[in-house]
Amino acid sequence: MTPTDRGTNPQTARKRLHVITWGCQMNVYDSGRMSDVLAPLGYVPTDTPEGADMVILNTCHIRDKAAEKVFSELGRLRRLKDASGGHMILAVAGCVAQAEGKEILTRAPYVDIVLGPQTYHRLPEMVARAARAANGGQGAVIETDFPAEDKFDHLPEQSAPRGVNAFLTIQEGCDKFCSFCVVPYTRGAEQSRSAVTILAEARRLIAQGSREITVLGQNVNAWHGEAPDGSTWGLGRLLRAMAELPGLLRLRYATSHPRDMDEALIEAHRDLPMLMPFLHLPVQSGSDRVLAAMNRKHTSDDYRRLVDRLRTARPDLALSSDFIVGHPGETETDFEATMSLVRDVGFAQAYSFKYSQRPGTPAAGAPGQVPEVEKDRRLQALQALLRDQQARFNAACVGTEMSVLFTGPGRHPGQIVGRSSYLQPIHVLGSASLIGEDLPVRIQAALPNSLSGTLIQERLSA
Ligand code: 5AD
Ligand code: SF4
């Protein structure tokens, strides 16, 4: 027995938990919370699935061959489970679990637990049921309902220390029903946590060493939660309250919908220096026809005007976005409108995807599906333009002074790495004692995916 074992009680004996996380930042957050919820049962995170007592595969269903990817990963994990004599508990979580729960249990009967994103707080009970089922030779546990209780009310406080940058989920689900998207089906209706619980969690994160908090939601700027005085706040007001938390240096939020960008939120960009001037604001397309077919309920000019207002409020604001090429019905002219929008707005960074048919979504069965070769061609053209814009943005940083929040050691000895306000990784030579600090750096070179620079010493000793 190792010194850290807590005795012979099987409930609390030390066990190894390996969590594999695919997909968005919300899944990263959820994986952390699943580890927290299992900690009282003796589960300690481990970096590899080999020899783990439990493996959770936290999945994403948003694009591509999500289900196939899950089954191929499960095939690999099955071999590890067999090697453990069947002892390893195998759980599939996240949006593929939500959408394909029954299919998973049919095609991969060695899976012990299938749980949707709304049921993580019930994991300990599911683990106990899975153990009983294994002993009694019964089947697996499946929990993919949208329970009436709020999972956030039932999750324990975060136990593991968090990094300098922390995520905090404040809102889940989506009522927008974009034609292409599975989120409203896998994550359910929009739900906001109360300001009191969010502020309490933020204080705990800061006490554990976090200096930057990114509040998360599928549609984070639709957040409208109960305020401490019983009224209702929007995101702009919440960010103002968070900006007053002692010890916090930086704030961000992701991901937003252009339609929910209200005046109070724009004013928060104007008034809060710690709200980072980098905004991920997906537009998806620059064509009004396609935007209408996507059910986005805004035009490309609405987006341009919104960006103007944001840049007036915060002149150093840089933008990131999501684009889809080849949505059903997209013509060459529509695609050109997207290219024009990108040229007009200018993005520091962006994600772009080929449209992928998601079962059960309106666009999946729509006429005018675009041939794969055409989608490929458009994606390459768009990505070349976006890459060029990103390279220019990074090159323009050379010679300037940027504030960098240091997050950890760099790849080379004596190096530390941090993030600029635009989330660019920045390497400098410096002491590990600076991790957790936000310091000025003179940028000297732009590399393909990062920048390097030197600490501005005068300021350091000032
Ligand atoms: N096909 C391609 N891209 C998609 N996204 C969401 N659903 C699909 C789909 N069916 C993209 C959108 C969204 C991002 C998270 O993923 O651009 O903003
Ligand atoms: Fe999906 Fe649209 Fe909701 Fe974003 S706003 S999660 S793309 S349905």
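**Conventions.** I am working with a predicted model, in which local features need pLDDT of at least 70 and side-chain atom pairs count only at pLDDT 80 or more, while totals for chains, interfaces and linings use all residues. Residues are numbered from 1 along each chain as its sequence is written, chains are lettered from A and ligands numbered from 1 in the order written, and side-chain values use heavy atoms, with hydrogens and water left out.

**Barrel.** I looked up the strands (DSSP runs of E, at least two residues; helices are runs of H or I, at least four; both numbered from the N terminus). Five of them close into a barrel with mixed pairing, in the order S17-S18-S19-S21-S20. I took two strands as paired if DSSP finds at least two bridges between them. Direction ignored, neighbouring strands here are turned by 50° against each other on average. Axes are lines fitted to C-alpha atoms, for helices over the stretch in contact, and angles run from 0 to 180 degrees between N-to-C directions.

I then checked S20 (residues 438–446) against S21 (residues 451–455) and found antiparallel pairing over five bridges. Ala446 has Leu451 in S21 as its bridge partner. Helix H13 (residues 372–397) packs on this sheet and touches S17 (401–409), S20 and S21. Contact means heavy atoms within 4.5 Å. The direction of H13 makes about 115° with that of S20.

**Open sheet.** Three strands with parallel pairing form an open sheet in the order S14-S15-S16. Its edge strands are S14 (278–280) and S16 (349–354). Neighbouring strands are turned by 10° on average, direction ignored. H13 packs on this sheet as well, touching S15 and S16, and its direction makes about 175° with that of S16. I noted three bridges between S14 and S15 (residues 318–325), with His280 opposite Ser320 in S15.

**Ligand 1.** Which residues are around ligand 1? With a cut-off of one heavy atom within 4 Å, I listed Ile62, Arg63, Phe180, Gln284, Asp322, Ile324, Phe353, Lys354, Tyr355, Ser356 and Arg358. For polar contacts I used N or O pairs within 3.5 Å. Polar side-chain atoms lie 2.7 Å from a ligand oxygen for Gln284 and 2.6 Å from a ligand oxygen for Asp322. A polar backbone atom of Ser356 is 2.8 Å from a ligand nitrogen.

**Ligand 2.** Around ligand 2 I found residues including Cys174, Cys178, Cys181, His257 and Arg296.

Conventions
Polar contact = N/O pair within 3.5 Å; in protein donor to acceptor, adjacent residues only side chain to side chain.
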